[in-house]
Amino acid sequence: MLRLLLCVVAVLFLLPIPPGGAVDIPDGYRAPPYLAATPDHLPGATTITAAQALALQEQGAVLIDASPLTLGRYGEQTDQWIVKADHPSIAGSVWLPNVGEQQPSPAIERWFAAELARLSEGRRDAPLVFFCRPDCWMSWNAGRRALSLGYQRVYWYRDGIPGWELELFPLVPAARPQPFYDVAP
């Protein structure tokens with residue numbers, strides 16, 4: 001009986017949070033705490049399901065994981081992402097940590113703009129899909145930031161990694177973040 005109860009609790013923990021239509025949309029970017037109920041849409045973007053995200057990916061869209069990490073010193077190297085635990089993510093996606101902070105550092109903002117330009121091959125009409133978790137504002141903020149940079153086909157996959165996993169779509173069990181580099185202002 002205890003085993004059954006633990007299984008039910010585990011499954012409930014993995015389920016995406018239902019759409020939060022009652023969650024207010026901020027005028028700008030969401031401030032911390034980033035782990036909180038999210039709204040059901042991102043103004044200017046298209047909110048999509050796992051199946052739609054997969055179809056977009058198969059058509060060439062770039063899927064961007066906006067999950068956070070610590071940027072710091074690792075050994076003798078500075079400005080390195082510090083990955084303390086395995087991070088499962090959507091297979092074929094690109095992990096750009098911390099681009100969904102309310103006020104990222106100027107260096108992170110420049111890096112994000114440079115990475116979007118690289119990933120989209122300089123096309124502002126390239127489809128970009130942002131995700132993290134259903135209860136995390138990082139992908140919402142990152143999608144909003146991409147819109148402010150002039151990207152026209154921004155998609156928000158609200159259910160993120162847990163929703164992808166529920167659909168049994170492919171995950172990478174230990175994703176690696178894109179290397180950080182400072183772009184001259």
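Which residue of E6 stands opposite Ile64? Select Ile64 together with strand E6 (residues 94-95), and the residue opposite Ile64 turns out to be Val94.

**Before going further**

This is a predicted model, in which local features need pLDDT of at least 70 and side-chain atom pairs count only at pLDDT 80 or more, while totals for chains, interfaces and linings use all residues. Residues are numbered from 1 along each chain as its sequence is written, and side-chain values use heavy atoms, with hydrogens and water left out.

Colour the protein chain by pLDDT, which is the predictor's confidence in each residue on a scale from 0 to 100; the mean for the chain is 88, and 84% of its residues reach 70 or more. Residues 4-21 fall below 50, and beyond near neighbours in sequence this stretch has 20 contacts in the model, a contact being a case of heavy atoms within 4.5 Å. Where pLDDT is low, the predicted coordinates should not be read in detail.

**The whole chain**

Switch to a cartoon of the protein chain, which holds five helices and nine strands; these are DSSP runs numbered from the N terminus, with helices (H or I) of at least four residues and strands (E) of at least two. Read from the N terminus on, the elements follow the order α-β-α-β-β-β-β-β-α-β-α-β-α-β. Of the 185 residues in the protein chain, 41% are buried, where buried means under 20% relative accessible area, exposed over 50% and partly exposed in between, with a 1.4 Å probe and protein chains only. Among contacts between residues at least 6 apart in sequence, 79% join residues at least 24 apart.

**The sheet**

Next select the five strands that form an open sheet in the order E1-E8-E7-E2-E6, with parallel pairing; two strands pair if DSSP finds at least two bridges between them. At the edges are strand E1 (46-47) and E6, each of which pairs on one side only.

Move to E2 (residues 62-65), which is joined to the parallel strand E7 by four bridges and pairs with E6, also in the parallel sense, over two bridges. Both faces of E2 are covered, with Val62 and Ile64 buried on one side and Leu63 and Asp65 buried on the other. Towards E7, Leu63 stands opposite Val129, and Ile64 stands opposite Phe130.

Which residues of E7 lie on each of its two faces, and are they buried or exposed? Show side chains for residues 128-131 of E7: Leu128 and Phe130 are on one side, Val129 and Phe131 are on the other, and all are buried. E7 also pairs in the parallel sense with strand E8 (residues 154-156) over three bridges, and the partner of Phe130 in E8 is Trp156.

**Across helix H4**

From E7, follow the chain through helix H4 (residues 138-148) to E8, a β-α-β crossover that is right-handed, in the sense that, with the strands pointing away from the viewer, the path from the first strand over the helix to the second runs clockwise. H4 is mostly covered, since nine of its eleven residues are buried, among them Trp140, Asn141 and Arg145. The buried residues of H4 pack against helix H3 (106-119), E7 and E8. Just after H4, select Gly150, which takes a positive phi of about 95°.

**Rings and charges**

Now display the aromatic side chains, whose rings (Phe, Tyr and the six-membered ring of Trp) pair if their centres lie within 6.5 Å, with planes under 30 degrees apart counted as stacked, over 60 as edge-to-face and the rest as tilted. By this rule there are seven aromatic pairs. The pair of Trp164 and Phe169 is edge-to-face because the ring centres are 5.0 Å apart and the planes stand at 65°; both residues are buried. Select Trp81, Trp111 and Phe180 to see a cluster linked by ring pairs.

A charge sits over a ring if NZ of Lys or CZ of Arg is within 6 Å of the ring centre and within 35 degrees of the ring normal. The charged end of Arg145 sits over the ring of Tyr29, 4.1 Å from its centre, and that of Arg124 sits over the ring of Tyr151, 4.8 Å from its centre.

**Last stop: Val183**

Finish at Val183, in the segment after strand E9 (171-172), which counts as partly exposed because its relative accessibility is 25%. Leaving aside neighbours within four places in sequence, Val183 is in contact with Arg110, Trp111 and Ala114. The C-alpha atoms of Val183 and Ile108, 75 residues apart along the chain, are separated by 8.9 Å.
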